[in-house]
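Q: Could you walk me through this structure? I would like to ask things as we go along.

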Amino acid sequence: MKPKLKRFFIFPLIGLLFLVTACGRGTSENELKVMLGSTVVTLDTAHMQDSYSFEVVADCIDGLMQLDEKGNAIPAIAESFEVSADGKEYTFHLRDAKWSNGDPVTAHDFVFAWRRHCKIADEYSFIFDSTVACIKNAEAVIKGADPSTLGVTAKDDKTLVVSLDAPVSFFPALMSFPSFYPINEKFYNSVKEGSYGTSPDTFISNGAFTLDSYIPGTANIALKKNESYWDANRVSLNMLRYQVVSSSDNALTAFKNGTLQVVKIAGEQVEHIKSDSELSKQLSFIPEGSLYYIAFNQDPKNHHGGVLANVNMRLAITNAIDRNSLVKNYLMDGSLPTYTAVPQKFSANVKTGKFFSENQDRYKDYVSFNLEKAREHLDKAKKELNRDEFNIHLLYSNDSGDRITKIVQAVKSQLEANLPGLTVTLQPVPKAEYLRNFSTDNFDIAVANWSPDYDDPMTFLNLWTTSNAKSTEYWSSAEYDKIISDCSTDNLAINYDARWDAMYKAEKILFEQAVIAPLFTNTNVILTSPKVSGIEYHTAGVDRVFKSAKVK
Amino acid sequence: MAKYITKRILMSVVTLFIIIFTLFVLVRIMPGDPFPVERMTAEMIELKRIELGLDRPIPIQFADYMAKLLQGDLGNGTSLYNGAPIMPIILVCMENSFKIGVMSILFGSGVGLMMGIAAALNRGKFIDRFCTICSILGVCVPSYVFMIFLQYFFAYKIPFFPYFFDPSNFFFSAIMPAVSLSLISIATVARFTRNEMLEVLDSDYVKLAKSRGLYGFKLIRKHVLRNALIPVVTVIAPLVVDLLTGAMVMEKIYGVNGLGKLMVDAIAGEGIDYNYVLALSILFSSLYIGIMLILDILYVIIDPRIRLTAKEKV
Amino acid sequence: MENNYTPVKEDFRFLPRRDSVEDAHLASTDYWKNVARQFAKDKFALLGAALIVFVILFAIFAPLLSFYEYDEIVATTDATGAEVVAKSLSPQFAGGATGYFSDKTFLFGTDDMGRDLWTRTWHGARVSLLIAFVAILIDMIIGMSYGLISGYFGGVCDNLMQRFIEIIGCIPTLVIISVLAIFMTKGIGLVIAALLITEWIGMSKIARAECLKLKEREYVLASRTLGAGNFHIMFKQILPNIVGPVITQVMFSIPVAIFTEAFLSFVGVGIVLPQCSVGSLIEAGFNNITILPYQIMPPIFVLAFLMLGFNLVGDGLRRALSPKIGDV
């Protein structure tokens with residue numbers, strides 16, 4: 001019986017040998033492999049809402065304008081454009097560009113895409129209306145009016161005319177945002193309803209790359225160089241591969257063994273790389289322009305007796321958070337402690353070149369790390385509320401990654417240590433539930449995060465107006481609303497400096513009343529292989545552009 | 001027997017129908033919004049609800065859904081992937097999950113059987129001890145730990161296998177995910193096989209066969225294995241469902257576009273997608289019930305004792 | 001012939017207890033004593049029991065005797081007054097280390113939030129042990145009765161009950177947890193509730209199968225003829241005879257329950273931070289597994305010890321209870 005038994009062990013060995021002799025696949029020339037933090041949900045610009053989808057669609061489709069490496073608007077499909085004297089009418093002249101199926105890109109493609117976008121009225125349709133682009137009749141169309149009344153017309157195949165309700169200073173830059181990308185109407189109508197942009201067969205591009213393999217939610221996306229791209233000389237990559245990686249540790253090892261050439265890391269991995277003399281040279285810190293902040297629910301009837309309706313309570317909390325420690329000890333990724341409602345390194349003043357929030361001490365009387373002041377406010381709050389013990393719930397979304405769970409634990413520990421009598425209970429929920437609770441004011445305090453849609457402070461300041469759909473925080477101020485609406489209509493829109501000052505005034509109201517407690521400006525830590533160069537990063541809109549990327 | 005089988009099939013269909021209804025109701029009362037949006041107003045969301053028919057009473061929605069389902073139409077997503085048709089997306093994920101699942105079942109039950117048989121035939125000796133320890137370790141170490149170590153050593157320290165799963169290089173890149181998943185089936189199958197084998201080896205008819213001069217491989221093959229393996233199939237069957245329907249953690253670690261990941265996306269992603277959760281749950285349940293049905297019918301065919309009691313029951 | 005005599009109380013007398021006349025030799029071969037003796041001879045089973053006791057003792061006493069709270073972030077300030085947190089320190093003894101925290105002892109090191117892993121690991125072990133005992137209760141109470149009733153009554157009742165199990169078994173755990181989350185707050189309670197709904201299914205199947213085997217036996221028939229009620233037969237006659245497979249199944253379902261909790265924590269629907277369980281600690285260590293492997297080792301070892309312990313004890317019990325299988 002013995003010798004026969006050996007067979008039982010020989011089989012697995014032979015099997016293993018078979019596995020081992022199977023061969024791997026080589027890498028082709030000029031191929032770039034990049035990490036993506038989350039899956040790409042859609043390639044249909046009318047439905048898009050996350051930065052990863054924006055990034056991939058921007059690889060494939062060009063809009064009227066594009067941003068150069070410094071973030072200035074330069075022509076893309078539009079060869080040139082003119083603005084009327086009152087700033088309310090733009091005329092774009094289109095160049096001879098082609099879709100990847102051979103059709104020319106015409107002004108009608110833009111008209112079709114924009115009307116469709118407003119008609120579908122999904123998440124990003126607001127970008128057409130008076131809060132941002134101010135395109136004529138956009139609000140009515142979003143609410144169901146006839147899409148042909150939208151203020152965009154094709155004068156001929158190569159001329160696009162856009163009429164606005166009010167002048168918009170950043171309009172050309174806005175045209176690089178994916179919501180304003182064209183869609184080929186003929187092709188769109190030829191695919192099955194609802195399946196546009198769900199596979200390489202149902203998507204055509206006019207940009208630097210074409211889709212090679214993709215399905216919604218997939219972990220691997222491959223893009224191929226588009227030979228018929230109007231600016232094909234600029235593109236040197238033959239292949240651009242995206243791999244979705246969710247853990248920073250996984251990303252680091254994949255980078256170290258060469259599987260991926262560009263990865264984003266965070267936390268301990270950054271610390272680890274910093275201590276490595278060779279790898280630390282490949283590290284770059286890129287401010288993302290997104291703000292993490294604590295929102296207070298000021299509803300006096302909320303389920304903890306409305307303690308947060310008390311302004312001293314809110315001031316106590318915002319002054320009891322050691323933002324430096326948060327960033328240095330827990331995030332460790334070069335994120336910037338922030339004391340303003342508009343994040344740092346975002347939206348430079350065209351005249352002075354200084355960022356809007358360059359001066360972080362502007363509101364230091366209201367928001368800082370100052371234990372004395374925090375306790376003073378707490379004592380006042382205790383007196384006013386006639387209570388000594390407070391328990392508040394901290395709502396956060398638990399599927400947004402490791403960093404947010406670290407931040408909430410640190411904030412909890414700081415608040416409990418610095419404000420005697422206050423206990424914080426963490427309340428983790430999935431993102432969908434978080435958004436619902438947040439928008440219906442079903443929380444005490446919440447850690448929120450906002451990324452800019454366009455390069456103007458208004459993308460943040462708009463959040464706290466009374467009419468804003470989601471982040472009302474049960475707070476409303478007529479004065480604040482007035483300033484914000486003045487900034488986007490005639491009064492202030494044409495006067496650059498006055499508008500800038502008005503925005504500071506509005507921001508000050510936020511901090512006097514401690515509507516929010518800002519935490520930090522997020523920074524992305526990118527590891528780039530020394531062989532790779534030419535990737536462009538932007539703070540607003542499309543985060544990364546690979547058109548000029550090169551692999552040695 | 002035909003009567004029993006028809007009845008059993010009918011019963012499964014009814015069960016499946018009840019499951020679908022239960023799921024339908026549960027999914028609709030799950031917390032979280034199907035429209036997880038930060039930038040839309042309440043009226044805009046209400047319009048979307050009406051567009052998708054979510055404002056109608058649940059029984060009507062259910063009737064509508066069943067009518068479509070019976071025509072093989074799983075519908076479109078409610079929020080995930082922006083209402084694209086569900087079928088093609090599920091098919092792609094199913095292909096990945098099923099292929100990796102089948103690989104891991106073949107590998108796992110193969111190795112498990114060999115270990116179990118080897119251990120039983122050498123009861124109390126070194127091989128037995130070795131196999132027992134291996135199978136206990138297989139149950140003790142969480143499989144995601146095993147996955148990480150496999151990935152770390154065989155794709156990073158010794159960069160032999162691809163680090164991530166890659167559909168364009170299917171077989172080679174699926175080896176590590178499949179092997180790491182098979183750990184639990186190896187352990188379960190090995191342990192179960194060993195115990196069944198021992199029981200059969202101790203039984204009177206094997207003793208009889210031995211007394212008639214039957215020894216060695218022939219005895220094992222003809223008399224022991226055949227009888228010992230029937231119960232083993234019952235352990236493998238539920239494992240099959242688990243493995244086919246994907247392993248969320250494995251898919252996360254190796255970047256596989258599979259059913260487990262799709263389920264997590266549909267429930268805990270940006271929003272709850274009613275139709276995806278339903279479609280996936282229905283798929284899982286049908287698989288589970290289908291396999292149980294086949295098992296029950298097989299029993300009746302294989303084992304006359306069960307046939308008797310089954311008849312009594314009918 | 002008439003016999004009108006009615007017996008009165010005085011006509012009867014108590015017999016001495018039968019047990020007292022039992023053969024002393026027979027008494028020593030009492031089933032349970034035999035089992036205990038078998039078990040005590042089993043080296044593997046004893047090792048398993050020792051592992052469980054070891055983990056239980058540490059889980060009870062280690063957090064009590066620790067210098068730190070499980071959720072305490074150890075921190076100090078540097079020369080400029082900025083806060084420095086004792087995060088991600090590898091295991092160290094006071095005096096044997098450098099840096100701001102050279103005077104502190106961290107047996108297992110600290111996690112990436114600056115908390116003592118020794119305290120957290122044993123605190124987490126408490127949660128896993130709690131889950132283990134809850135699993136035992138669920139199995140014993142719900143699973144066993146469900147299986148017994150289903151098997152004993154048979155017919156339509158059995159059929160309905162089995163279909164019910166199929167329905168429950170088919171609903172994905174994630175869906176169950178999400179729905180339950182409407183009614184209760186997240187945390188250990190929610191995990192236990194989810195276990196309550198699905199955990200007992202395996203046990204009920206075992207109990208049902210055993211009950212089907214036994215209910216046709218002569219002794220059951222006998223006691224039914226004597227007029228015993230259904231529930232008396234089920235719990236007094238059948239139950240004691242299926243204790244063997246039941247205990248074995250319990251031992252194997254404990255690891256499953258611990259794993260379920262670990263898995264739920266791993267995908268983020270389990271325990272609420274800064275509370276911790278072995279599962280959530282593994283999940284946290286997982287984020288830094290290749291660069292700071294010492295963070296994931298302690299919880300993995302505790303989990304493996306528990307698993308190993310319960311598996312070995314389960315195997316040992318099975319051998320001791322049914323000496324036919326395995327090594328006699």
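A: What follows is a conversation about a predicted model.

Q: Let's begin with chain B: how many helices and strands are there in it?

A: Chain B has 13 helices and 0 strands, and its elements, read from the N terminus on, are accordingly written as a run of α symbols.

Q: And what share of chain B counts as buried?

A: Of the 314 residues in chain B, 47% count as buried.

Q: What about contacts between residues that are at least 6 apart in sequence in chain B?

A: Among those contacts in chain B, 72% join residues that are at least 24 apart.

Q: Switching topic, how many residues of chain C are in contact with chain B?

A: On the chain C side there are 31 residues, and they are in contact with 36 residues of chain B. The elements of chain C that give two or more residues to this side are α5 (155–170), α6 (173–183), α11 (243–266) and α13 (297–321).

Q: Which classes do the residues on that side of chain C belong to?

A: The side of chain C that touches chain B has 22 nonpolar residues, together with 5 polar and 4 charged ones.

Q: Okay, which residues have the most contacts inside the largest nonpolar core?

A: They are A:Leu394 and B:Val277, in a core of 339 residues. Domain 1 (12–242 + 529–551) and domain 2 (288–522) of chain A both give residues to this core, so the core lies between them.

Q: What is B:Val277 in contact with, leaving aside neighbours within four places in sequence?

A: Within chain B, B:Val277 is in contact with B:Val27, B:Ala266, B:Ile267 and B:Ile272, and from chain C it is in contact with C:Val175.

Technical notes. Residues numbered from 1 in each chain as written. Chains lettered and ligands numbered in written order. Predicted model: local features only at pLDDT ≥ 70, side-chain atom pairs only at ≥ 80, totals over all residues. Contact = placed C-beta atoms within 7 Å. Helix = DSSP H or I, 4+ residues; strand = E, 2+ residues; numbered from the N terminus. Nonpolar A, V, L, I, M, F, W, Y, C, P; charged D, E, K, R; others polar. Core = buried A, V, L, I, M, F, W, Y, C linked by C-beta atoms within 7 Å. Buried ≥ 20, exposed ≤ 12 C-beta atoms within 10 Å, placed from the backbone. Domains from an automatic or database assignment.
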